[in-house]
Amino acid sequence: MSDEGIAKVFPPREEHRKGVPIKSEEEYKRIYDESIKDPEAFWAKMADRIEWFSKDWDSVLEYDEKDVRISWFKGGKLNITHNCIDRHVNNGRKNQAAIIWQGEEDDDVKVYTYGQLLYEVSRVANMLKAKGVGKGDRVSIYLPMIPELAFAVLACARIGAIHSVVFGGFSSDALYNRITDCDSKVLITSDGGFRGGKAIDLKGKANEALEAGTTVETVIVVRRTGADVVMEEGRDFWYHELLADAEPQCEPEVMDAEDPLFILYTSGSTGKPKGVLHTCGGYNLYTTVTFEHIFGYQPGEVYWCTADIGWITGHSYILYGPLSAGATTVMFEGVPNYPQPDRFWQVAEKWKVNVFYTAPTAVRMMRKTGDDWIKMHDLSSLRLLGSVGEPIDPEAWYWYYDVVGGQRCPVVDTWWQTETGGIMISPLPGATNLKPGCATKPFFGIEPLTIREDRSECDVGENGRLVIKRPWPSIMRTLWGDHERFKDTYWNVYPGYYFTGDGGRIDEDGDVWILGRVDDVMSVAGHRIGAAEVEAALIGHPAVAEAAVVPVPDEIKGEAIYVFVNLKDGYEGSDELRKELVAQVRHDVGPIATPKIIQFAQGLPKTRSGKIMRRILRKIAGGGMHEDLGDVSTLADPDVVDQLIAGRIS
Ligand code: WT7
């Protein structure tokens with residue numbers, strides 16, 4: 001279907017208003033205006049959506065603009081696991097399913113009620129305490145999508161330890177960097193995991209990561225695959241053995257709203273990953289309130305977010321947001337196309353999923369495999385569909401709405417980031433006119449703006465840079481150990497604003513369109529990858545003199561990785577070498593960063609000061625000709641451009 005065939009606006013229908021908190025555009029506008037006029041009053045009122053041990057905070061918001069010190073509800077006391085577990089147990093939801101865990105094999109299923117979740121989390125919390133973990137200690141977690149991952153995360157939060165989850169698809173090097181950056185005391189991992197019918201090794205990679213020597217004193221190993229693993233005497237312990245001695249009662253640690261909750265590493269425009277730090281109170285409140293409003297969760301419903309807990313989406317909208325709101329959340333171990341391309345729909349039908357939240361890359365993949373795989377399933381339980389992680393093109397949006405949602409379900413295209421902690425721009429199902437491909441409206445208290453390079457405000461419809469006007473409760477507080485980088489990356493680019501790194505446009509209805517990254521960060525299948533990290537891996541190969549990495553459009557993944565390498569003298573480009581380079585990137589960064597295309601080049605376009613012009617390479621990789629490249633006269637050697645165009649691989 002062509003673009004013109006898709007309606008431009010889909011107003012909320014009567015049935016979309018049922019049971020959701022905001023029931024009309026007017027209501028949204030009224031509350032939004034209030035929230036912007038006096039954000040502190042708004043959030044102080046909202047604070048009752050969660051329980052506090054003490055609401056005696058010094059002030060709702062403290063914001064020191066100069067040093068960018070932000071605190072919300074400082075002096076208020078709470079524990080996020082009290083909100084995610086105990087308060088539901090205390091309020092009649094003890095026997096309601098909290099987590100439905102669906103393993104990769106269909107009969108591999110575990111359901112944990114809120115009562116059972118309290119039992120499991122408390123035991124793991126006591127197990128960590130017995131290993132000397134206390135408030136403020138860092139714990140790295142490198143696990144597949146098994147229930148123990150959820151328990152480990154929540155157990156850390158319960159005792160005030162700071163968790164740092166490292167996505168199971170990351171390499172040993174990536175794990176090493178993430179352990180040493182925050183000096184973790186404990187690593188929780190497993191003998192392996194299952195993915196697409198194959199067992200993957202995690203303990204081997206963990207061992208490699210720890211080889212060079214780290215601060216990790218204790219490794220706790222969950223048995224999942226039964227693979228033979230090397231355990232180091234005195235350092236490594238089996239999870240199930242330690243758990244056997246753990247008591248099932250563990251009072252939640254009393255945390256200040258501004259105590260750290262977790263670190264989550266994400267890619268930036270240098271090779272060094274950034275340890276994004278989130279704190280307890282504002283994050284708990286914001287993820288709860290956004291979950292309730294944007295997904296319109298209703299008691300008894302089953303909610304499924306297909307992300308991995310290794311990413312922020314999994315932290316905020318598999319675990320903390322849904323559990324705090326008392327939802328039943330599905331945790332899925334598998335992949336979309338195993339054993340068959342209908343796996344998502346089969347699982348959605350089986351558990352009668354009402355709210356389904358996934359990434360555009362998965363939508364495009366399933367659209368490609370054909371409608372028959374969907375039509376064989378009864379998806380009438382679906383009430384709402386969500387999208388996150390990258391721009392969703394109108395074609396994919398409409399297919400999702402039409403074929404998956406049967407034209408009944410609103411599609412919420414939610415824009416946010418690891419740094420923002422929770423959803424920032426998104427439709428509200430009962431209030432917002434949906435536009436395919438558009439993230440639409442800011443959430444309460446969020447004031448987005450598009451600006452020009454010179455910091456002046458863009459006109460309606462003009463493409464610019466997306467910034468946010470003031471701090472909101474779940475904004476990151478700092479980068480672990482590097483407050484200067486935090487200020488430089490996010491606050492000093494356009495002083496007075498939080499800079500998102502994304503381009504954006506605001507249309508005549510005040511709807512925000514996200515235009516993708518304007519920095520050297522790529523989004524491959526919704527995974528954020530820094531060009532510099534891939535380049536660092538390539539340069540690690542003995543044949544490579546220099547490398548430049550740019551994204552190219554990809555039908556399924558949104559973006560794919562295109563690599564230009566300039567070899568050292570004495571080396572010859574070959575398919576053999578290509579394979580070695582791919583292996584190098586997979587080893588250093590992880591399989592998610594596998595390059596799609598490697599072009600050998602005699603030279604790279606550089607400014608006279610030696611800076612590689614990725615802007616030009618991006619256009620060349622994407623099929624641009626000389627005349628499409630803009631001004632190349634500032635290049636040190638303008639001739640390389642034609643050589644690169646001639647050598648392009650499509
Ligand atoms: C970047 C953040 C937090 C979700 C998982 C990704 C892109 C995210 C959308 C959307 C267009 C989106 C942006 C953003 N992005 N959601 N709905 N429409 N782009 O988190 O790894 O921190 O990446 O993902 O470019 O800056 P992340």
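Contact here means heavy atoms within 4.5 Å. The model is predicted.

**Helix H2 and helix H3**

In H2, Ile 31, Glu 34, Ser 35, Ile 36 and Lys 37 meet Pro 39, Phe 42 and Lys 45 of H3. By residue class, this contact divides into 4 nonpolar, 1 polar and 3 charged. The two axes lie 5 Å apart, at an angle of about 115°. H2 and H3 are therefore roughly perpendicular to each other.

Ser 35 belongs to H2, which spans residues 25-37. Is Ser 35 buried or exposed? Ser 35 is buried, because its relative accessible area is 0% and the cut-off for buried is under 20%. Its side chain reaches back to the backbone oxygen of Tyr 32 at 2.7 Å. Beyond residues up to four places away in sequence, Ser 35 touches Phe 42, Phe 444 and Gly 445. Phe 42 is also one of the H3 residues that H2 meets.

**Helix H4 and its two partners**

H4 covers residues 80-90. H4 packs with H11, residues 312-324, and with H6, residues 147-159. The table sets out both pairs.

| Helix pair | Axis separation | Angle | Crossing |
|---|---|---|---|
| H4 and H11 | within 8 Å | roughly 55° | left-handed |
| H4 and H6 | 8 Å | about 120° | left-handed |

Take H11 to begin with. The axes of H4 and H11 cross at roughly 55°. That makes H4 oblique to H11. From H4, the residues involved are Ile 80, Asn 83, Cys 84, Arg 87 and His 88. From H11, they are Tyr 320, Leu 323 and Ser 324. The residues of this contact comprise 4 nonpolar, 3 polar and 1 charged.

Now H6. H4 and H6 pack at an angle of about 120°. That makes H4 oblique to H6. Ile 80, Thr 81, His 82, Ile 85 and Asp 86 of H4 meet Leu 154, Ala 157 and Arg 158 of H6. Here the classes are 4 nonpolar, 2 polar and 2 charged.

**His 163 and Tyr 320**

Which residue's side chain makes a polar contact with the side chain of Tyr 320? It is His 163, at 2.8 Å. His 163 lies in strand S7, residues 162-165. His 163 counts as buried, because its relative accessibility is 0%. Leaving out residues up to four places away in sequence, His 163 touches Val 139, Ile 141, Val 153, Cys 156, Leu 261, Phe 262, Ile 263, His 315 and Tyr 320.

**Trp 304**

Trp 304 sits in strand S16, residues 302-305. Trp 304 is buried, with a relative accessible area of 0%. Which residues does Trp 304 contact, leaving aside neighbours within four places in sequence? They are Val 330, Phe 332, Phe 344, Val 347, Ala 348, Val 353, Val 355, Phe 356 and Tyr 357. Gly 610 lies elsewhere: 306 residues along the chain from Trp 304, with a C-alpha separation of 48 Å.

Notes. Residues numbered from 1 in each chain as written. Predicted model: local features only at pLDDT ≥ 70, side-chain atom pairs only at ≥ 80, totals over all residues. Heavy atoms only, no water. Axes fitted to C-alpha atoms, helices over the stretch in contact; angles between N-to-C directions. Helix = DSSP H or I, 4+ residues; strand = E, 2+ residues; numbered from the N terminus. Parallel < 35°, antiparallel > 145°, perpendicular 65-115°, else oblique. Left-handed = near helix turned anticlockwise from the far one by under 90°. Nonpolar A, V, L, I, M, F, W, Y, C, P; charged D, E, K, R; others polar. Buried < 20%, exposed > 50% of the residue type's maximum accessible area, 1.4 Å probe, protein only. Polar contact = N/O pair within 3.5 Å; in protein donor to acceptor, adjacent residues only side chain to side chain.
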